[in-house]
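Hi everyone, thanks for coming. Please have a look at the structure on the screen, and then I'll walk you through it.

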Amino acid sequence: MDEIDISKAIIEDFIKNFLDNLTVDVAIIGAGPSGLMCAYRLAQSRIKVAVFERQLRAGGGMPGGGMMFNSIAIQKDILGLFGELGISVRKYNEQIYVANSIETISALCYQAIKNGARIFNLMSVEDVVIRTDKICGIVINWSAVNWSKLHVDPLVVKAKFVVDATGHDAEICRIFEKKMEKKLITPTGSVAGEKSMWAEEGEKQIICNTKEVYPGLFVCGMAANAVFGSPRMGAIFGGMFLSGEKAADIIKEKLISLHR
Ligand code: 48H
């Protein structure tokens with residue numbers, strides 16, 4: 001076995017996948033639970049979707065569970081989804097069920113990839129591409145470049161739709177707002193910032209906060225609550241799944257109307 005063949009196999013496989021994903025239907029930024037859920041549902045509908053994740057591993061805040069106790073709480077209304085993904089759950093009381101955070105994120109990751117989503121880890125999104133008042137792509141660089149503060153120019157991925165699933169920081173919306181000085185489709189026209197803990201309200205509001213906030217730019221998960229000024233909810237994750245699913249549903253409709 002030649003070591004050069006091992007190296008060539010890896011490089012060629014990666015480059016092929018990377019080239020294949022320079023133009024996608026949907027680019028999702030952030031491989032946390034909401035971004036992965038969105039990717040899973042889109043991929044199930046044979047939509048070309050790529051997820052860009054800054055960190056070495058996918059999962060965002062989920063593997064850490066609640067304060068590093070690696071269990072998560074979920075609500076009854078997403079038990080069907082957990083069944084579909086093959087994740088074991090335990091009833092805690094009438095309202096709360098618990099699951100292992102590693103099992104949950106692994107199942108979601110696996111199913112997203114198996115259904116055709118591509119996840120690019122160790123890549124950071126540092127800007128968006130805009131054409132005549134529509135976002136139509138993202139600007140990417142190796143996370144190591146950003147962490148090292150090296151001056152290395154980025155590359156571009158074109159997408160019909162971009163999803164900000166970057167969690168608490170709502171990074172993409174903030175970058176867009178700051179650089180373009182344009183109004184987002186929010187009550188204040190800008191990112192309101194996340195509010196303090198109120199689990200029930202946070203979980204309720206995240207669903208209606210999941211929407212298009214500028215032509216071509218969608219927000220889901222914790223980023224949706226940050227953009228619209230809604231509360232955080234702690235380590236209960238039903239809303240993250242439902243928000244990712246809702247973003248996928250809206251985008252599917254948009255793609256259908258684009259092709260009509
Ligand atoms: C590439 C990026 C960039 C970038 C960030 O934080 P996440 O897990 O996000 P959600 O919304 O799917 O889930 C939120 C949940 O984990 C959580 O934090 C909860 C429920 N908190 C409640 C509370 O009260 O605290 O994942 C976001 C991912 C992360 O993996 C980031 O590394 C990644 O996005 N990311 N990737 N380019 N510019 N910014």
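**Starting from Arg-232**

Leaving out residues up to four places away in sequence, Arg-232 touches His-168, Glu-194, Lys-195, Ser-196, Met-197, Trp-198, Ala-199 and Met-222. A quick word before we go on: this is a predicted model. Arg-232 sits in the loop between α8 and α9, the latter covering 238-259. Is Arg-232 buried, exposed or partly exposed? With 37% relative accessibility, Arg-232 counts as partly exposed. UniProt, in an unreviewed entry, lists Arg-232 under "binding site".

One of the contacts of Arg-232 is His-168, so let's go there next. His-168 is in the loop between β9 and α6. At 40% relative accessibility, His-168 is also partly exposed, because that value falls between the 20% and 50% cut-offs. Setting aside residues up to four places away in sequence, His-168 touches Glu-194, Met-222, Ala-226 and Arg-232.

Asp-153 lies in the loop between α5 and β9, and with 59% relative accessibility Asp-153 counts as exposed.

**The whole protein**

Let's step back for a moment. The protein has 9 helices and 11 strands. Along its principal axes, the C-alpha trace spans about 55 × 55 × 45 Å. For 260 residues, a compact globule would have a radius of gyration near 18 Å, and the protein has 18 Å, which agrees. Of those 260 residues, 50% count as buried. And if you take contacts between residues at least 6 apart in sequence, 67% of them join residues at least 24 apart.

Now for the pockets. The largest pocket has a volume of about 720 Å³. Its lining has 35 residues, and those nearest the centre are Gly-60, Gly-61, Thr-166, Gly-167 and His-168. The largest share comes from β7, with 3 residues. Sorted by class, the lining has 17 nonpolar, 13 polar and 5 charged residues.

The second largest pocket holds about 300 Å³ of space. Among the residues lining this pocket are Ala-73, Gln-75, Glu-94, Ala-199, Glu-203 and Ile-236. Two or more lining residues come from each of β3 (71-75) and α7 (199-209), and α7 gives the largest share, 4 residues. By class, this second lining has 4 nonpolar, 2 polar and 5 charged residues.

**More annotated positions**

Back to the UniProt record. Under "binding site", the unreviewed entry also lists Ser-34, Glu-53, Arg-54, Gly-61, Val-125, His-151, Val-152, Asp-153 and Met-222. These residues are spread over 189 residues of sequence, and in space they reach up to 31.5 Å between C-alpha atoms. Which of these residues are in the lining of the largest pocket? That lining includes Ser-34, Glu-53, Arg-54, Gly-61, Val-125 and Met-222.

Val-125 is in strand β7, and at 5% relative accessibility Val-125 counts as buried. Beyond its neighbours within four places in sequence, Val-125 is in contact with Ile-29, Phe-52, Ile-138, Val-139, Ile-140, Glu-171, Ile-172 and Ile-175. His-151, on the other hand, is in the loop between α5 (143-147) and β9 (155-164), and with a relative accessible area of 75% His-151 is exposed.

**One last stop**

Finally, find Trp-142, in strand β8, residues 134-142. Trp-142 counts as partly exposed, at 42% relative accessibility. Not counting residues up to four places away in sequence, Trp-142 touches Phe-14, Asn-121, Leu-122 and Met-123.

Methods. Residues numbered from 1 in each chain as written. Predicted model: local features only at pLDDT ≥ 70, side-chain atom pairs only at ≥ 80, totals over all residues. Heavy atoms only, no water. 1 Å grid on protein atoms, 1.4 Å probe; cavity = no way out; pocket = protein on both sides within 12 Å on 5 of 7 lines; lining within 4 Å. Points joined across faces, edges and corners; volume = space filled by probe spheres on them. Nonpolar A, V, L, I, M, F, W, Y, C, P; charged D, E, K, R; others polar. UniProt positions renumbered as here; feature names shortened; annotations may be inferred. Buried < 20%, exposed > 50% of the residue type's maximum accessible area, 1.4 Å probe, protein only. Contact = heavy atoms within 4.5 Å. Rg over C-alpha atoms; globule rule 2.2 N^0.38 Å.
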